[in-house]
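Trainee: I should like to understand the reasoning behind the descriptions used for this model. Could we go through them one at a time?

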Amino acid sequence: MNISELRGKNQETLNKELSELLKAQFGLRMQIATQQLSNTSQLKKVRRDIARMKTVINLKDGK
């Protein structure tokens with residue numbers, strides 16, 4: 001996910017995608033806990049996407 005793509009989206013879309021990413025993160029954490037996840041780098045990617053999303057949301061709120 002690119003930061004410039006996120007900046008072009010509206011607040012409602014960003015919040016919806018953020019909630020989807022948080023659900024995905026929860027699912028990945030459960031898979032790690034039950035040792036079903038073989039590619040643990042997926043969790044790192046999702047965490048970074050969440051951070052990007054929150055950063056863009058906070059920047060849009062400040063304007």
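Trainee: How do you know that the span of helix 3 agrees with its 22 residues?

Mentor: This is a predicted model. At 1.5 Å a residue, helix 3 should span 32 Å, and its end C-alpha atoms are 32 Å apart, so the two values agree.

Trainee: Which residues of helix 3 are buried?

Mentor: They are Leu43, Val46, Asp49, Ile50, Met53, Val56 and Ile57. Seen down the helix axis, these buried residues fall within an arc of 155°, and therefore they line one face of helix 3. The face turned away from that side carries the exposed residues Arg47, Asn58 and Gly62.

Trainee: What covers the buried residues of helix 3?

Mentor: The cover includes helix 1 (3-7) and helix 2. As one example, Ile57 touches Gln11, Leu14, Asn15 and Leu18, leaving aside residues up to four places away in sequence.

Trainee: Why is glutamine 25 called buried?

Mentor: Buried means under 20% relative accessible area. Glutamine 25 has 16%, so the term applies. This residue lies in helix 2 and, with residues up to four places away in sequence not counted, touches Leu43, Val46, Arg47 and Ile50.

Trainee: What makes up the largest nonpolar core?

Mentor: It has 12 residues in all: Leu6, Leu14, Leu18, Leu21, Leu28, Leu37, Leu43, Val46, Ile50, Met53, Val56 and Ile57. Helix 2 (11-33) and helix 3 (41-62) are the elements that give two or more residues to this core, and the largest share, 6 residues, comes from helix 3. In soluble globular proteins, nonpolar side chains tend to be buried together.

Methods
Residues numbered from 1 in each chain as written. Predicted model: local features only at pLDDT ≥ 70, side-chain atom pairs only at ≥ 80, totals over all residues. Heavy atoms only, no water. Core = buried A, V, L, I, M, F, W, Y, C linked by side-chain atoms within 4.5 Å. Buried < 20%, exposed > 50% of the residue type's maximum accessible area, 1.4 Å probe, protein only. Helix = DSSP H or I, 4+ residues; strand = E, 2+ residues; numbered from the N terminus. Contact = heavy atoms within 4.5 Å. Expected span 1.5 Å × (residues − 1). Arc of directions from axis to C-beta.
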